[in-house]
Amino acid sequence: MYHKDLKDILRAIPVSPAELKKRLGYLNLSIEELENLLEPYIDDSLINTIVDDFISYVKQFPEFKDILTEEKIEKLKEKHFHYMKTILTEPLSFDEIILSSKSGIIHERIGIKPKYYINFIGAYLDKVVSKLGKNLDSYHLSIIVKRFLLHLSFSIDTYFHLKDKELKR
């Protein structure tokens, strides 16, 4: 079902190079700016700290007690480490945008509503800025924020596409 939904979403949203270019334009962001973001001091231990801080923050909310069981936390840390490493250290790729759509599918399936998802992106950005802000100027921090927003736009579109499809059944 997951792969069927993904194929349907990639056609419906659409998730395409043209759509990516359009959304980058909405954010006043270019591929070149994203490629220049790569910073040598963003290492794995810093990314692990950001992820650990974020997961500790989310764990404090009772609504996530069932979702954030101890056995699921390690897998979640692994997924979020990959997500953060991609956003903070790798050039933008089309596969990364597809990953955002997959994220929307997962969040919809496990019941993470947009109000949580959107607000927790804010909390994630807070963790990132608190760890990186002293090393980056406002221009580079702005690019990081916009990259998060780009991901969020594809994830939320995916989430709402699935909900719309569910309502039409």
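Leu88 touches Ile42, Ile47, Ile50, Val128, Leu132 and Ile144, when residues up to four places away in sequence are not counted, and by contact I mean heavy atoms within 4.5 Å. This is a predicted model, in which local features need pLDDT of at least 70 and side-chain atom pairs count only at pLDDT 80 or more, while totals for chains, interfaces and linings use all residues. Residues are numbered from 1 along each chain as its sequence is written, and side-chain values use heavy atoms, with hydrogens and water left out.

Let me stay with Leu88, which lies in helix H5; helices here are DSSP runs of H or I with at least four residues, numbered from the N terminus. Leu88 counts as buried because its relative accessibility is 1%, and buried means under 20% relative accessible area, with exposed being over 50% and partly exposed in between, for a 1.4 Å probe and protein chains only. Between Leu88 and Leu152, which are 64 residues apart in sequence, the C-alpha to C-alpha distance is 15 Å.

Now to helix H5 as a whole. Its 20 residues, 70-89, should span 28 Å at 1.5 Å a residue, and the C-alpha atoms at its ends are 28 Å apart, so the two values agree; the expected span is 1.5 Å times one less than the number of residues. Which residues of H5 are buried? They are Ile73, His80, Phe81, Tyr83, Met84, Thr86, Ile87 and Leu88, and what covers them includes helix H4 (44-59), helix H6 (94-110), helix H7 (114-132) and helix H8 (138-168).

Two of these buried residues lead us to the core. A nonpolar core is a set of buried Ala, Val, Leu, Ile, Met, Phe, Trp, Tyr and Cys residues joined through side-chain atoms within 4.5 Å. The largest one has 32 residues, and those with the most contacts inside it are Met84, Leu88, Tyr124, Val128, Leu132 and Phe148. H4, H5, H7 and H8 each supply at least two residues of this core, and the largest share, nine residues, comes from H7. Met84, leaving aside its neighbours within four places in sequence, is in contact with Ile47, Ile50, Val51, Tyr124, Val128 and Phe148. There is also a second, separate core of 13 residues, which includes Ile13, Leu27, Leu34 and Ile143.

On a 1 Å grid over the protein atoms alone, a pocket is an open set of points with protein on both sides within 12 Å along at least five of seven lines, and lining residues have an atom within 4 Å of a point. The largest pocket has a volume of about 940 Å³, where volume is the space filled by probe spheres set on the points. Of the 29 residues that line the largest pocket, Leu76, Lys79, His80, Ile106 and His107 are the closest to its centre. The elements that give two or more residues to this lining are H4, H5, H6, H7 and H8.

Methods: On a 1 Å grid over the protein atoms alone, a cavity is a set of points where a 1.4 Å probe fits but cannot get out, and a pocket is an open set with protein on both sides within 12 Å along at least five of seven lines; lining residues have an atom within 4 Å of a point.
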